[in-house]
Every structure is written in structure tokens, then in C-alpha cells.
Amino acid sequence: MTKPTAQQALAPLRQQIDSIDSQLVALLAARAQVTAQVGVVKQQYALPVYVPEREQQLLAARRQQAMQLGVSADLTEDILRRIMRESYQTQESGFVCCRKTGGKVVIVGGGGALGARFASLFQRSGYQVAILEQQDWPNAKAICADAALVLMAVPITLTEQLINQLPALAKDCVLADITSIKVQPLNVMLNKHTGPVLGLHPMFGADVTNLVKQVVVVCHGQHAEQYQWLLEQLKVWGAELTEKVAHEHDSAMQLIQAMRHFSSLAYGVHLADEKADLPMLLQLSSPIYRLELAMVGRLFAQNAELYADIMLSSSAVAALLQRYQQRFNELLQLLESKDKAGLMAQFGKGQQFFGELAEQFLQESKQLLQKAADSRS
């Protein structure tokens, strides 16, 4: 009897895999139909797109089921998270309006990328949206008349000037901004408007597909009870709200944004001046180095003026970077003197500082790196 070839032996098994994969696709389509109905119900009852407790409950149950069936729980969670990410997208076609009487939302700078993103969200939530751009200022009084919200979505360098340029607003009109610094814009808004004032900082760019799990920092101004509808609207869109005092926010942003952008700028410019062969670097990079290089390269796909403004937003940033340079030089001296013990001591200082979070970051980065590796063809 002739022994079958490898292809002949594999053929029926591959047919089974094809059949199972086809069933999986059909199940995905069925699930998408159900989640679309979930989105309709959420809109009717003003429920947020993202409910953390429900997501965690679902993942925990499916992980337990996977272990009972001898399937990798991590694989199951990865698949479900990707499916849920897609389902959140299908629930974004429309949202409930969290202000009982609806109303007009004026977005100053609504023609910009992030301003336009918010304009779309408000429109899909049933608000009347008006855009106030540079050419519209002669008609600013009429545009802002009877507005429920005036949202400042303009460059950092123009924010204070344009707040002061606003016409008098109705007493119940919310004046808010989405600038990446908060102390100065908040103070200017409080001086300008006697009604409700709120500082917001969306910790994302205009390229996000939806607001699910996106952080929005909230810095309270005055008459908070009158802008609760706006905070609820952000939650309905899926955002996670984090409350901070304005000066705490600005101090943190020096480390989170300005310093990181400057470091990426320095590394990117260094690569350019060294005439580095980027294709070769990518070819030789494992996922972790490719990801790090991607995060640097991502900066240079953005608007140069925007990022320059962020880095120049506070005089304290320069002092912070000078301290960073000093520490860099100290480490460089240890390297030049081949002081292995000294380098290890500094490493130990970092280990002590990060503590248990270091292990958490290790696990999180493993997941990211696996996704990065999977994306390579």
C-alpha cells in the first residue's frame, strides 16, 4: 500500500480548518448584529459605549471557560479584546444627547483635526454644531448667541487671545477648552465668563477611531453642576474621565508630553544627522526595537507647529530638560569610565522607583510586542 504524501495527509485536516474558520466568520457576523442592537439600546437609555465592569466580567468568564476546555486563556482574551474593539466601533453611528434640551455647540477651531473630531461627535449626538474659524470672527456674536457650549479647540499660542476675543456668552453657556495646558487657559476663561467654566485635555489625537478607553483630563472651573451634562456626554462616547487640579495636570504634562516629545525629537534628529539607514535598522530590529523606533518616527508624522508649541508651553520644561541633561551626562561619565558597578547602581535606583509596576509594564509590553510581531508579514 502506497504511503500518502504529506499534502494528501494534510488535505482533509486543512478542509476541517477551513470549515471551522468559515464558522468563526459567520459567528463574528452574528455577534456584530447583536452588538449593533446593543448600541441602539445604549443610545435609547443614555448608557456609555464602554462599561469596564461588563467587559471585565465577560473576559473573566471566557478565560475560565477556555481553561476548562484546554484552550489558552491569554489567546482567548486577545481575540475577544480585538472583537470588542470592533464592536465599540459599530456602536458609534449615533449617541444619545445628554443635555435634555439639546442645543447649540460652538467649536472655535472646529475646522482643525481635533476640533472636527469633536464636531462630528456632537453632531451624531443630536446637537446643532456651529464652527467659528478665523474668517468668521466678524459674526462671532451671532454664531455664539444662545450657545449651550463654546469649546475652544485652537492652538496653544492662540487660546488665551481668542478666549478674550469671544463675545459675551449666555449665563448658562458652558465655556470649555481642550488645550494641552490648563492653568492659563482656565484662568483666562474664569476672568472672561461668569457662567460655567471647564478645562478639558483629551489625551489622544484626531486619528483615534473612537473615544472608548481614551482618557480625558477634567480640570474643574466654576458652576460644575451646570456642565455635568457635558461630562456625561464624554462618558457616553466611551471616554474615561480623570479629575486633576490644573497645576497638577500641567506639572504631569511636562513629563508625559513635553519631555517625551523633546526626547523623541532629539533621537530622531540624531538618526538623521548620523545618516542612519532606516530600512536596515528595521530589518535588524526585533519587535521591541521596532516599536521604539515606530514611536519616534510617529512624532515626525505629526504637525511640527503643534508639537513645538507643546514643548514650548511652559518655561519649566527647559529647567526639567536641563536636569535630564545633567543626569544623562552623569550616566555618560559612568559609561566612559567603564564603571559597571556605578551603572548597575543607577539601574537599581530605577528598579526601586518602579517597584511592582516594573513587572506590570513587562507583562503589558509583552502583549504589545506580540501584536507588533503578528503584524509583520
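The model is predicted, so local features need pLDDT of at least 70 and side-chain atom pairs count only at pLDDT 80 or more, while totals for chains, interfaces and linings use all residues. Residues are numbered from 1 along each chain as its sequence is written, and side-chain values use heavy atoms, leaving out hydrogens and water.

The buried residues of H1 are Thr-35, Gly-39 and Lys-42. Here, buried means under 20% relative accessible area, exposed means over 50%, and partly exposed is in between (1.4 Å probe, protein chains only). Just after H1 comes Ala-46, with a positive phi of about 55°.

## The whole chain

Let's zoom out. The protein chain has 15 helices and seven strands; these are DSSP runs numbered from the N terminus (helices are H or I with at least four residues, strands are E with at least two). Its C-alpha atoms fill a box of roughly 95 × 65 × 35 Å, taken along the principal axes.

Of the 377 residues in the protein chain, 35% are buried. Now take contacts (heavy atoms within 4.5 Å). Among those between residues at least 6 apart in sequence, 68% join residues at least 24 apart.

A cavity is a set of points, on a 1 Å grid over the protein atoms alone, where a 1.4 Å probe fits but cannot get out, and lining residues have an atom within 4 Å of a point. The largest cavity has a volume of about 40 Å³, volume being the space filled by probe spheres set on the points, with grid points joined across faces, edges and corners.

Which residues lie nearest the centre of the largest cavity? They are Lys-42, Gln-43, Leu-47, Val-49 and Phe-95, out of 10 lining residues. H1 supplies the largest share of that lining, three residues. By class, the lining has five nonpolar, four polar and one charged residues (nonpolar: Ala, Val, Leu, Ile, Met, Phe, Trp, Tyr, Cys and Pro; charged: Asp, Glu, Lys and Arg; polar: the others, Gly among them).

## Inside helix H4

Is Arg-117 buried or exposed? Arg-117 counts as buried because its relative accessible area is 11%. Arg-117 and Thr-209 are 92 residues apart in sequence, with their C-alpha atoms 9.8 Å apart in space.

Just after H4, Gly-126 takes a positive phi of about 90°.

## Two loop residues with positive phi

His-223 is not a glycine, yet it has a positive phi of about 55°. His-223 sits in the loop between strand E6 (215-222) and helix H8 (228-236), and at 34% relative accessibility it counts as partly exposed.

Lys-338 also isn't a glycine and has a positive phi of about 55°. Its loop lies between helix H13 (315-336) and helix H14 (340-354), and Lys-338 counts as exposed because its relative accessibility is 73%.

Technical notes:
1 Å grid on protein atoms, 1.4 Å probe; cavity = no way out; pocket = protein on both sides within 12 Å on 5 of 7 lines; lining within 4 Å.
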